[in-house]
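Here's a quick briefing for anyone meeting this protein for the first time. Have a look at the sequence and the fold, then read on.

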Amino acid sequence: MGAELRKMRERAGITARAAAAMLSSSPMHQSHVETGRSGISEDRIRRLARHCACDDSAYIDALVAMTLERGKGWWEEYRGVIVPVGLNLAELEHHAVRIQTFQMAHVPGLLQTEEHMRAAFRYASPELTPQDLEAYVAFRLRRQHIITDSPATPYEAIIHEAALRILVGGRKTAHAQLERILERSELDHVTVRVLPFAAEDFAGAGHSMYYVHGPAPQLDTVQAETGHGSVFFDAEPLLKQHRKRYDRLTGSALKPAESRDFITHMLQEL
């Protein structure tokens, strides 16, 4: 929210001090709004949009919806337990109209079984207490409701063969995980594609991505994992770059029906 209001103001060439004066606010409060430390009312969002000559009603309405729901999302009950990045991701998914992901080394979180999650969390964060581990598992299971509950969010996943072949939690857990992916891939709003080792035009596209389409194009966000944790991108040049990259990956991956056959064959091998 804060970042979008700042971009709206900057596109109009209005300083933060001038925007604060227009809204009968203080420069400090305006700064806190733009850095996400303070909320803002619907009236002030619409007033700022008028001052900035922004007439994109879908974009403005989406910003209003975000501020009206501030502090009311299901993820708030996990604040102080789950790291902020996880809470931000859950909120992005809540507002998403479509989600696309490419995973090189991990099964996408929204397709994971409970036992797969538990094994993955144990490996990645061995310092977690049993109570915290169960909280992280419960949180990820709750996130999955966006593709299992009605109305469901359209979801597309490209999964590299490497991620499917890693035996997270052992052979039994891996077998159940492949079955879960097949089960979810049969849903009308879920598309799963496998990028096999045999793909010849994949070089140079090895990092994973998570593209969340917002209720307005300006609210699209990409999450990428780095050695220092998750990073979120919302600048249009970067979004465009990731959209093109996802399209290229789609062209290299197997078709949905071929992907199901591929996973079925992997199950038979296990």
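**Pockets, a cavity and a sheet**

Helix α6 supplies the largest share of the lining of the second largest pocket, four residues. Keep in mind that this is a predicted model, where local features need pLDDT of at least 70, side-chain atom pairs count only at pLDDT 80 or more, and totals for chains, interfaces and linings use all residues. Residues are numbered from 1 along each chain as its sequence is written, and side-chain values use heavy atoms, with hydrogens and water left out. Helices (H or I, at least four residues) and strands (E, at least two) are DSSP runs, numbered from the N terminus.

**The second largest pocket**

- A pocket here is an open set of points on a 1 Å grid over the protein atoms alone, with protein on both sides within 12 Å along at least five of seven lines; a cavity is a set of points where a 1.4 Å probe fits but cannot get out, and lining residues have an atom within 4 Å of a point.
- This pocket comes in at about 890 Å³, a volume being the space filled by probe spheres set on the points, with grid points joined across faces, edges and corners.
- Its lining has 34 residues, and M1, G2, M66, N88 and E91 lie nearest the centre.
- Besides α6, at least two lining residues each come from α1 (2-11), α3 (27-34), α5 (57-68) and β6.
- By class, that lining splits into 13 nonpolar, twelve polar and nine charged residues; Ala, Val, Leu, Ile, Met, Phe, Trp, Tyr, Cys and Pro count as nonpolar, Asp, Glu, Lys and Arg as charged, and the others, Gly among them, as polar.

**The largest pocket**

- The largest pocket has a volume of about 1200 Å³.
- It's lined by 41 residues, with H106, Q112, F121, R140 and E225 lying nearest its centre.
- Helix α7 gives the most to this lining, six residues.
- The lining of the largest pocket has 24 nonpolar, 13 polar and four charged residues.

**The cavity**

- Searching the whole structure turns up one cavity of 30 Å³ or more, and the largest cavity holds about 50 Å³ of space.
- Around the largest cavity sit V107, H116, A163, L164, I166, V168, A174, Q177 and L178.
- Three of the lining residues come from α11, the largest share.
- Seven residues of this lining are nonpolar, two are polar and none is charged.

**The sheet**

- Six strands form an open sheet in the order β3-β2-β1-β4-β5-β6, with mixed pairing; two strands pair if DSSP finds at least two bridges between them.
- At the edges are β3 (190-195) and β6 (229-233), each pairing on one side only.
- From one strand to the next, the twist averages 15°; axes are lines fitted to C-alpha atoms, for helices over the stretch in contact, and angles run from 0 to 180 degrees between N-to-C directions.
- Strand β5 (residues 221-226) pairs with β6 in the antiparallel sense over five bridges, and E225 stands opposite S230 in β6.
- Helix α6 (residues 84-95) packs on the sheet, touching β1, β4, β5 and β6, and its direction makes about 40° with that of β6; contact means heavy atoms within 4.5 Å.

**One residue to look at**

- Leaving out residues up to four places away in sequence, E4 touches Y59, L63, Q218, L219 and D234.
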